[in-house]
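Biologist: I am new to this one. Please pick a single part, look at it closely, and then show me what surrounds it.

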Amino acid sequence: MTGSSATPDQAVFHEHRRLLFAVAYRVLGSAADAEDTVQDAWIKWSGADRLRVADPKAYLTRIVSNLALERLRPARHKRETYVGPWLPEPVLTTGDASEAVVDAESVSMAMLVVLETLSPLERAVFVLREVFDFSHAEIAEALERSESGVRQAAHRAREHVRARRPRFAADRARQRAATERFFAAATGGDVNAPMEMLSPDVTLWTDGGGKVRQALRPVVGATTVASWFAAIGTVTYQGVEPADMNAGLVELNGGPGIVFSGPAGVIATVTFDFDGDGRVTAIHNVANPDKLQAVADGTTHDLSVGRSSRACAAARHPGRRRKEHRGHLRRSPPA
């Protein structure tokens with residue numbers, strides 16, 4: 001699609017493909033579903049009447065938002081019967097996602113877990129409003145809802161997230177340093193060293209999806225969590241002997257994380273949530289093999305909103321990020 005043989009329509013779609021995936025992934029919490037949604041958006045774009053498309057970026061954003069919302073509703077029902085805790089599908093990210101705090105936070109495992117507790121509409125509205133800075137009027141047009149309904153959904157979502165997700169506090173350097181210390185301590189089998197980095201009420205969430213053996217309930221408390229990690233380096237984990245297990249530091253979902261692998265490939269990922277002092281408050285361990293394909297493939301995603309988008313938003317409403325602005329999505333016909 002990016003080569004010299006690409007048609008103008010393909011070139012336009014490719015230009016906005018990163019944005020479309022970034023929207024879909026935040027709404028769905030699944031890389032596989034986000035990729036499928038983007039592909040469905042391409043099919044719709046291929047059949048669109050170009051004479052009616054005044055703003056391709058707006059039109060494509062509208063398409064992918066509605067497709068993601070449609071896909072999220074049945075997915076939510078399946079997740080209600082999921083075996084054990086349901087966690088988002090982790091993805092490898094580039095350093096660009098950490099250039100802006102809001103970008104990194106909006107794709108963190110911890111935030112995606114909170115977004116999972118919203119209704120599908122609230123989640124889509126929250127993503128478009130708080131992350132991509134669309135106005136209520138633009139979102140109403142994109143999702144084919146009333147502006148008052150969008151405002152209400154945005155308010156509910158914002159209050160819900162605010163109550164369950166403390167404001168991003170620990171800086172990036174401190175997060176990285178804490179992850180490296182935890183990594184060295186946990187892979188060294190020392191149960192005492194990790195405890196120094198854990199909040200007393202730290203919670204470990206493990207997602208095996210019934211495919212591999214994992215805790216079916218959250219593991220709470222520094223002592224218990226530290227023992228769980230210390231055991232990784234001393235016992236067989238998912239059929240892999242300690243001597244055959246490799247662990248590496250990578251960037252997952254906009255922040256530092258750990259990937260565990262064995263002879264057959266990736267077997268688990270671990271990401272952390274920190275308080276303002278750099279102590280670990282939550283750990284998300286994904287071991288369901290169905291959710292590890294994106295990491296196993298080695299594909300990295302740039303999920304940042306992008307400096308140009310921020311600059312455009314600032315130009316539309318200088319001095320006040322949340323001031324209403326219009327015209328970005330409104331000119332596009334229904335998807």
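Modeller: Start with Asn-285. Leaving aside neighbours within four places in sequence, Asn-285 is in contact (heavy atoms within 4.5 Å) with Leu-87, Leu-204, Trp-205, Thr-206, Asp-207, Gln-214, Trp-228, Tyr-237, Ala-268, Thr-269 and Val-270. The model is predicted, so local features need pLDDT of at least 70 and side-chain atom pairs pLDDT 80 or more, while totals for chains, interfaces and linings use all residues. Residues are numbered from 1 along each chain as its sequence is written, and side-chain values use heavy atoms, without hydrogens or water.

Asn-285 lies in strand S7, residues 280-286. Helices (H or I, at least four residues) and strands (E, at least two) are DSSP runs, numbered from the N terminus. Asn-285 has 1% relative accessibility, so it counts as buried. Buried means under 20% relative accessible area, exposed over 50%, and partly exposed in between, with a 1.4 Å probe and protein chains only.

Next, follow the contacts into strand S6. S6 covers residues 265-274. Ala-268, Thr-269 and Val-270 are among the contacts of Asn-285. S6 is joined to S5 by 6 bridges, and the two run antiparallel. Strands pair if DSSP finds at least two bridges between them. A hairpin links S5 and S6 through 2 residues. Gly-262 has Gly-265 in S6 as its bridge partner.

Glu-251 stands opposite Pro-256 in S5. The S4–S5 hairpin has 2 residues between its strands, and Asn-253 in the turn shows a positive phi of about 50°. S5 is largely enclosed by the rest of the structure, because 8 of its 8 residues, 255-262, are buried.

Now the other side of the contact list. A cavity is a set of points on a 1 Å grid over the protein atoms alone where a 1.4 Å probe fits but cannot get out; lining residues have an atom within 4 Å of a point. Searching the whole structure finds 1 cavity of 30 Å³ or more. The largest cavity holds about 30 Å³ of space. That volume is the space filled by probe spheres set on the points, with grid points joined across faces, edges and corners. By class the lining has 5 nonpolar, 6 polar and 1 charged residues. Here Ala, Val, Leu, Ile, Met, Phe, Trp, Tyr, Cys and Pro count as nonpolar, Asp, Glu, Lys and Arg as charged, and the others, Gly among them, as polar.

Last, the wider setting. The largest nonpolar core has 52 residues, and Phe-13, Tyr-25, Leu-115 and Phe-132 have the most contacts inside it. Such a core is a set of buried Ala, Val, Leu, Ile, Met, Phe, Trp, Tyr and Cys residues joined through side-chain atoms within 4.5 Å. Helices giving two or more residues to this core include H1 (8-28), H2 (31-46) and H3 (56-80). H1 gives the most, with 10. A second, separate core of 28 residues includes Ala-185, Ala-222, Ala-226 and Phe-272. In soluble globular proteins, nonpolar side chains tend to be buried together.

How values were computed:
1 Å grid on protein atoms, 1.4 Å probe; cavity = no way out; pocket = protein on both sides within 12 Å on 5 of 7 lines; lining within 4 Å.
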